There are 2 protein chains.
Amino acid sequence: MKAVRIAVQAAVTLAVVAGAQAATMKPLPPKPSVGDIVKESKPADWRALDPENTLYMDLPLGRVVIELAPTFAPNHAANIKALARENYFDGLVILRSQDNFVVQWGDPDEKNPKQPKKAKMTLKGEFTVPLKNDTQFTRLKDVDGYAPQVGHSNGFPVGRDPKTGETWLAHCYAMVGVGRDADADSGGGTALYVVTGQAPRQLDRNITVVGRVVSGMPLLSTVPRGPAPMGFFDKPEMQVPIKAFRVAADVPEAERSKFEVMRTDSATFQKVVEAQRNRGGPWTKVAAGHVDLCNAPIPVREQK
Amino acid sequence: MKAVRIAVQAAVTLAVVAGAQAATMKPLPPKPSVGDIVKESKPADWRALDPENTLYMDLPLGRVVIELAPTFAPNHAANIKALARENYFDGLVILRSQDNFVVQWGDPDEKNPKQPKKAKMTLKGEFTVPLKNDTQFTRLKDVDGYAPQVGHSNGFPVGRDPKTGETWLAHCYAMVGVGRDADADSGGGTALYVVTGQAPRQLDRNITVVGRVVSGMPLLSTVPRGPAPMGFFDKPEMQVPIKAFRVAADVPEAERSKFEVMRTDSATFQKVVEAQRNRGGPWTKVAAGHVDLCNAPIPVREQK
């Protein structure tokens with residue numbers, strides 16, 4: 001039982017010297033950071049956003065760019081594009097900002113909401129999809145409390161359960177979901193929200209998640225919090241107007257934002273994740289040895 | 001091998017019906033929410049903040065209330081109080097806001113920073129303390145990737161490692177830490193930060209954490225993000241001035257904020273955590289069956 005004895009001794013020693021702990025520990029050797037690995041990446045490590053699956057939400061202070069994930073919510077992704085193409089969101093507003101949770105937009109007139117012309121108001125929920133629909137999964141080796149397996153698929157954080165044969169988009173920071181009422185099939189995309197706080201993973205498999213904000217999060221995360229329950233705004237002047245909400249493919253080439261997302265099935269992305277999981281010195285004194293799904297960076301860059 | 005076969009069959013069935021999954025599942029019975037349990041709590045489930053361990057940071061838009069955790073960082077907590085008592089922070093500013101990470105305050109003059117009169121500029125890092133120092137730990141049963149054990153101690157989220165005999169405050173949303181340079185002992189409390197994004201748990205055991213914002217987070221989380229690297233502000237007009245930074249005990253009784261924090265060693269807190277871990281219907285369709293340390297609510301209320 002030597003291992004146990006050594007462990008106990010170590011505990012006693014550390015308890016006595018704690019406080020001086022960092023000073024007496026062997027410094028971590030320096031190693032490339034996430035930023036270093038991104039800098040050293042090759043063009044093949046990146047993919048450009050597909051304009052047909054990219055949305056631009058233009059706010060007074062700038063543009064929010066959303067990448068849709070049709071693999072995980074095909075009907076909702078199509079319906080949100082249909083809504084954008086009939087200018088459904090233009091002139092609607094950000095109407096909710098709840099601290100450490102979400103920012104939401106849509107029609108503030110709850111009693112008499114704007115009706116889509118051709119797009120649907122509600123759709124059957126797409127909370128999970130069959131595993132076989134997702135052919136691009138790269139698993140994280142790290143433990144997760146909310147899902148038997150976690151990882152990334154084509155630039156999106158996902159959970160999956162081999163026992164039920166399901167996979168789903170995870171509620172990490174910047175993920176975009178579809179608001180709904182108590183009925184599972186009561187959402188359709190006319191009310192959308194983005195995660196602005198600690199990942200509310202308890203929502204996973206309970207709501208349709210449709211994509212991720214790849215640029216413009218600071219425009220959403222800093223919207224002053226609403227004073228009404230759940231962060232809703234109780235005065236019209238708190239609302240942030242949506243100037244335009246368009247599918248990128250419908251925007252003239254010269255006005256498009258050119259973003260690339262690192263391929264999450266690349267070896268370079270694995271290096272990025274490892275750089276976050278075990279940081280080098282000299283600033284870091286103790287490497288975490290773990291990375292949570294929602295702490296793994298998914299690098300994005302703009303082609304200028 | 002019946003269990004395995006049933007699991008495989010279930011997977012095939014679910015793969016076929018996925019999409020209709022939520023509709024065919026048995027609805028979750030309703031149960032009390034976190035809010036319901038807080039409402040039904042007894043006075044003994046709460047403790048008032050100790051004015052000697054409470055800080056008020058008055059900003060132009062309102063007050064931020066910070067509870068110090070002297071059990072976990074005794075020297076830093078004492079030094080920050082000493083800084084407050086010599087009015088060190090009054091007239092200094094919020095100088096950094098990095099999206100999905102932290103907001104930081106102190107002296108923006110990095111080359112020639114304000115010197116404390118009696119308080120210390122630097123202290124030995126208090127990244128962890130001996131387990132025996134913490135007599136109020138209540139363990140969460142949920143798995144955690146960053147620490148062998150996690151839970152709460154006197155209203156603060158903590159990690160602990162029985163093998164090394166150490167415990168530490170965890171970097172959850174609203175936790176307050178002490179900025180430092182590469183040297184472990186280069187911080188002292190003149191530069192403080194608060195977590196405003198996804199819990200950066202990789203910082204745990206690498207930096208001194210001193211407390212938690214119990215009121216006023218929206219004043220910090222919505223500070224516009226800084227354009228310079230790491231979210232620093234590159235123009236003085238971006239800075240948010242600190243009007244006053246005081247120990248609550250030094251503030252006239254009539255001007256004090258009266259907050260109470262739920263006792264995390266109470267049975268009621270266990271109910272709060274369970275309500276978050278496994279939500280009831282009808283809105284929730286699938287209970288998470290897990291709660292991450294930084295997703296467990298630590299209820300706070302104001303005595304009016």
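User: What distance separates the end C-alpha atoms of H4(A), and what span should its 12 residues have?
Analyst: This is a predicted model. H4(A) has 12 residues, and at 1.5 Å a residue they should span 16 Å. The distance between its end C-alpha atoms agrees with that, at 17 Å.

User: Which strand of chain A does helix H4 run at about 125° to?
Analyst: Helix H4 covers residues 74-85 of chain A. It lies across E2, E3, E11, E12, E13 and E15 of chain A. Those strands are also among what covers the buried residues of H4(A). Buried residues there include A:Ile80 and A:Leu83. The angle of about 125° is to E15(A).

User: Which residue just after H4(A) takes a positive phi?
Analyst: The helix comprises residues 74-85 of chain A. Just after H4(A), a phi of about 60° belongs to A:Asn87.

User: Which are the edge strands of the open sheet in chain A?
Analyst: The sheet has 9 strands in the order E14-E4-E5-E12-E11-E13-E3-E2-E15, with antiparallel pairing. An edge strand pairs on one side only. In chain A that describes E14 (240-241) and E15 (244-247).

User: What stands opposite A:Ile66?
Analyst: Strand E3 of chain A holds residues 62-68. E3 pairs with E13 (residues 209-215) in the antiparallel sense over 4 bridges. In E13(A), the residue opposite A:Ile66 is A:Val213.

User: What kind of axis relates the two copies?
Analyst: Chain A can be laid on chain B by a turn of 180° and a shift of 0.0 Å along the axis, with an RMSD of 0.0 Å. The copies are therefore related as by a two-fold rotation axis.

Conventions: Residues numbered from 1 in each chain as written. Chains lettered and ligands numbered in written order. Predicted model: local features only at pLDDT ≥ 70, side-chain atom pairs only at ≥ 80, totals over all residues. Heavy atoms only, no water. Pairing = 2+ DSSP bridges. Helix = DSSP H or I, 4+ residues; strand = E, 2+ residues; numbered from the N terminus. Contact = heavy atoms within 4.5 Å. Axes fitted to C-alpha atoms, helices over the stretch in contact; angles between N-to-C directions. Expected span 1.5 Å × (residues − 1). Buried < 20%, exposed > 50% of the residue type's maximum accessible area, 1.4 Å probe, protein only. Least-squares fit on C-alpha atoms with pLDDT ≥ 70 in both.
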